[in-house]
Amino acid sequence: MLSIGEFARLGGVSLRTLRHYDEIGLLYPATVDAETGYRGYSADQLGRLNRIVALKELGLSLAQARRLLDGITVGELQGMLMLRRAQLEHELEEHRNQLLGIEARLRYIAREGAMPADDIIVKKIPQMGVVAIAGRAPAFGPKNIVPVVNRSQQLFDQLAIRERVKETGPYLIFYEQDQGSDVTVYLALPVAEPPADLPSPARYRVLPEIEAAVAVRNGPAASIFPVVYHDLLRWIDEHGYQASPSGREVWVHEIDDPADADQQVFEVQLPFRRPTEGRE
């Protein structure tokens, strides 16, 4: 038999909590000393205490937990906890991305008035054929774009696209936006020639030659975008060029596990036109 203090310590709750559970009939002690009133608990009762705590962590009130306690199976409780875990992991990831975005903007604000980023170069990117899969996002920004890219990458794997083509470079991402607010996000794979029998929704496209200001950045998307475009746009403006509204992002080093986001590398390309272009 365990004292109330020992039981509380093993169960990870307070003495006050155990006394309250006793008072409301949620978890009675196994024994109560008639003379001293000391409560005693059995080791078997830790299982019930664990279920009570689990149901509370799922957001249920004690009254709701009491109604469920005797009817819920172990499998059902495990399923509910796994669902809650997935929800919390998603919320944590969202908060982490928000924090990374704030830190990136703080770094950018701290550089205002200083020289433009010194890691920007000019590249001429030749015309290329790509196999692309499109998805829709409600707006720009990592929290909207990343899920679309991840879904498209899963489709590339499911359709075995890389086994059907002769790829000539890493994935790249580009965008189209019409009059509406939605953004069409393309995940594309450069290929040597148009593939035959390409499964839907994959499509072959030819991207035009561009001259672009280019920066290579590594880390989670939330720590890179959209601040890298601010750097590129500022560099283009400083040189008197005219920027294109749509950039390309080459996924130089992709990742399989989102937990490895710190290791991914992007080459970000923002096309521009020189002042003399288009004049007769």
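In the predicted model, Leu2 stands opposite Tyr41 in strand β3. This position belongs to the pairing of β1 with β3 (residues 39-41), which is antiparallel and runs over two bridges. The two strands are part of an open sheet of three strands, in the order β1-β3-β2 and with antiparallel pairing. Strands β1 (2-3) and β2 (31-32) each have a single partner strand and stand at the edges, so one side of each lacks a neighbour in the sheet.

Helix α1 (residues 4-11) packs against helix α2 (residues 15-23) at an angle of about 105°, and the axes of the two helices are 9 Å apart. Because angles of 65 to 115 degrees count as roughly perpendicular, α1 is described as roughly perpendicular to α2. On the α1 side, the contact involves Ile4, Gly5, Phe7 and Ala8, which meet Leu15, Leu18 and Arg19 of α2. The residues of this contact divide into five nonpolar, one polar and one charged.

At the level of the whole chain, the protein has nine helices and 12 strands. The radius of gyration is 29 Å, whereas the globule rule gives 19 Å for 280 residues; the protein is therefore more spread out than a compact globule. Taken along the principal axes, the box filled by the C-alpha atoms is roughly 105 × 55 × 35 Å. Of the 280 residues, 38% count as buried. Among contacts with a separation of 6 or more, 68% are accounted for by residues 24 or more positions apart.

Strand β6 (residues 172-176) pairs with two strands named here. With β7 (residues 183-191), β6 pairs in the antiparallel sense over five bridges, and the bridge partner of Ile173 in β7 is Leu187. With β11 (residues 248-253), β6 also pairs in the antiparallel sense, over three bridges; in this case Leu172 has Val250 of β11 as its bridge partner. Four of the five residues of β6 are buried, so the strand is largely enclosed by the rest of the structure. In a regular strand, side chains alternate between the two faces of the sheet.

Leu187, the β7 partner of Ile173, is also one of the residues touched by Gln153. Gln153 is found in helix α6 (residues 142-158). The relative accessible area of Gln153 is 12%, and this residue is buried because the cut-off for burial is under 20%. Leaving aside residues up to four places away in sequence, Gln153 touches Tyr171, Leu187, Trp251, Glu254 and Ile255.

Several backbone features occur in loops. Most residues other than glycine have a negative phi, and most peptide bonds are trans. Ala160 has a phi near 55°, a positive value in a residue other than glycine. Ala160 is placed in the loop between α6 and α7 (161-164) and is partly exposed, with a relative accessible area of 23%. Asp197 likewise has a positive phi, near 55°. Asp197 lies in the loop between β7 and β8 and counts as exposed, at 70% relative accessibility. The loop between β7 and β8 (203-207) also holds Pro201. The peptide bond from Ser200 to Pro201 is cis, with omega near 10°.

Terms used:
Residues are numbered from 1 along each chain as its sequence is written. This is a predicted model: local features need pLDDT of at least 70, side-chain atom pairs count only at pLDDT 80 or more; totals for chains, interfaces and linings use all residues. Side-chain values use heavy atoms; hydrogens and water are left out. Buried means under 20% relative accessible area, exposed over 50%, partly exposed in between (1.4 Å probe, protein chains only). Two strands pair if DSSP finds at least two bridges between them. Axes are lines fitted to C-alpha atoms, for helices over the stretch in contact, and angles run from 0 to 180 degrees between N-to-C directions. Angles under 35 degrees count as roughly parallel, over 145 as roughly antiparallel, 65 to 115 as roughly perpendicular and the rest as oblique. Contact means heavy atoms within 4.5 Å. Ala, Val, Leu, Ile, Met, Phe, Trp, Tyr, Cys and Pro count as nonpolar, Asp, Glu, Lys and Arg as charged, and the others, Gly among them, as polar. The radius of gyration is taken over C-alpha atoms; the globule rule is 2.2 Å times the number of residues to the power 0.38.
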